[in-house]
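Biologist: I would like to learn how to read a protein model, one feature at a time. Could you show me the structure and then take me through it?

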Amino acid sequence: KSPTKKGDMELDLVEVDLVDWCPNEDALDFFTNCHLLAATDLTKNSFLILVASPVNESSHAYFFVVFQVEQSSGKINMTAANQLDVPEREFVTTATTKQNRGSGQVLMAYTLTTGEAKLAVIENDGSLVVNHTFTAEVLMDFTGQDEEEKSEEEVFYADRRIVAIDIFKAPKSFFLPESASKEVEKNDELSRAAMEKVEIDYVLDEDEKEIYFGLEVDEKEREPGSEEGGDEYVPPNGDDIWYIASCRQSGELEIFILSDLTTPVWSSKGCGPGAPKLIPEIQKGSPYRNPSGHKVCTREMRFFSCGPSSHEWDKSFTGPKPFCLLLETTDGDTIIYAANIDHKSLRIRSFDRVPVGDVSRPSQESTKHFSKLRRKRIVSAKDGEQSPNDFRHNYLFVFQNISGQNGLFASVARPFWLVSERGKPVILHHRCRH
């Protein structure tokens, strides 16, 4: 620590010797052999890490460790360490963490080699209050078919193992339960008829609408709840709540509310193979079907909003701040979806794929170059190769208020920033000199 001109103390990060820092030999052995998987803030003066401690060659033990920072001295102390419920000889493949600043909790979701996913809610003292498991099961029944009749694609897309999971916060009205959706559907036809007549968009004033769209808007039609103004106005519910989203190898996307993890409030098919539109299953007649001759699924996904970080648009997911879903597939492709939101009820009708005209998968030249480096032993033979049991670190990172923008950074083969331009997500490639 070093004094400043105002008499305050500035704390510098200094590397410590584990032999002196660890309280005993058991803690020294633990931190020497463990592998860091994820980290996040817990409170203002504490943070949490997820580590893997090798038990033997075919098994790992997983712990989340809480560290507390002393404000006076800046010293970091380990205050709690708890083991996660991971079956023996099974491995954690991915993990994502989110800080719930309102309650002082950390939400941690992780996938296993069994095809299951688990959610852990951790208190600021390191205690585990919620431990929920999302199970995996077979989608299709091949009873009565010969083994030779099953194609590789049918077997692949019949597997309902969870391959990606995400935790995000969004308005309560975005994903309505099935019962509530049926009630809202009755009002949608009237809403669409009124929208054809009057474009409800607060971004433009009346003069701009008349100039750009040639709309003559009647004040009675625009006034919410007026008897002569058509259908009844439904005020949007902008309260934000926590959601858990899981994607299966079969291409099924399921979204749960944190308060009810038993029944999904929104589900769709085609997440991963690149369906042009993700439609909730409550809507009949979805044209999607699994691709033939090609096996691909989601590797990582993130729900986020991109656009201006100004407080003026904090509760707006229309206009210049769209709500998006970004997927990274096992082929190395990145797929971007933008939510089609009903402006009156603030309910997501579908996720529409956004064409960006960009290729994100590794090129053949980069593959040849990496093989050359490996052959000359410049890089390790294991670099770039990943077994099914290996942990995969996150490549997609949501950011807020960078140069006045919210969005996402994708650390893929061709890194890029995803921001909003004129209300639509656009890609800005990351360029730097090495």
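Predicted model: local features only at pLDDT ≥ 70, side-chain atom pairs only at ≥ 80, totals over all residues.

Biologist: Which residues does Leu112 touch, not counting residues up to four places away in sequence?

Modeller: Leu112 touches Val86, Pro87, Phe91, Val92, Thr93 and Lys118. Leu112 belongs to strand β8 (residues 105-112); helices (H or I, at least four residues) and strands (E, at least two) are DSSP runs, numbered from the N terminus.

Biologist: Is Leu112 buried or exposed?

Modeller: Buried means under 20% relative accessible area, exposed over 50%, and partly exposed in between (1.4 Å probe, protein chains only). Leu112 counts as buried because its relative accessibility is 3%.

Biologist: How do things look for the chain as a whole?

Modeller: The protein chain has seven helices and 24 strands, and buried residues make up 40% of its 434 residues. Of the contacts between residues at least 6 apart in sequence, 51% join residues at least 24 apart. The accessible surface, from the Shrake-Rupley method with a 1.4 Å probe, comes to about 25,300 Å², and carbon and sulfur atoms account for 48% of that.

Biologist: What should I look for in a core?

Modeller: In soluble globular proteins, nonpolar side chains tend to be buried together. A nonpolar core is a set of buried Ala, Val, Leu, Ile, Met, Phe, Trp, Tyr and Cys residues joined through side-chain atoms within 4.5 Å. Here the largest one has 29 residues, and Phe175, Phe303, Phe323 and Phe351 have the most contacts inside it. Elements giving two or more residues to this core include β11 (162-171), β12 (240-248) and β20 (348-353). A second, separate core has 21 residues, among them Leu37, Leu42, Leu48 and Phe391.

Biologist: What does Phe175 touch, not counting residues up to four places away in sequence?

Modeller: Its partners are Phe168, Tyr243, Ile255, Val265, Trp266, Phe323, Ile348 and Phe351.

Biologist: How many disulfides does the structure hold?

Modeller: A disulfide is a pair of cysteine sulfur atoms within 2.5 Å, and the structure holds zero of them. Cys271 is in no disulfide, and the nearest cysteine sulfur, that of Cys247, is 3.7 Å away. Cys271 counts as buried because its relative accessibility is 1%. The sulfur of Cys324 is 3.8 Å from the closest cysteine sulfur, in Cys306, so that is too far for a bond. Cys324 is buried, with a relative accessible area of 0%.

Biologist: How can I check a helix against its expected length?

Modeller: The expected span of a helix is 1.5 Å times one less than its number of residues. Helix α7 (residues 364-375) has 12 residues and should span 16 Å; its end C-alpha atoms are 16 Å apart, which agrees. After α7 comes Arg377, with a positive phi near 60°.

Biologist: Where else can I find a positive phi?

Modeller: Arg89 is not a glycine, yet its phi is positive at about 65°. Arg89 sits in the loop between β6 (76-83) and β7 (92-100) and counts as exposed at 52% relative accessibility. Ser403, also not a glycine, has a positive phi of about 55°. Ser403 lies in the loop between β21 (396-402) and β22, and is exposed with a relative accessible area of 75%.

Biologist: What does the side chain of Asn406 reach?

Modeller: The side chain of Asn406 reaches the backbone nitrogen of Asn401 at 2.8 Å. For a polar contact, look for a pair of N or O atoms within 3.5 Å; within protein, one must be able to donate a hydrogen and the other to accept it, and residues adjacent in sequence count only if both atoms are side-chain atoms. Asn406 is in strand β22 (residues 405-410) and counts as buried at 7% relative accessibility.

Notes
Residues numbered from 1 in each chain as written. Heavy atoms only, no water. Contact = heavy atoms within 4.5 Å.
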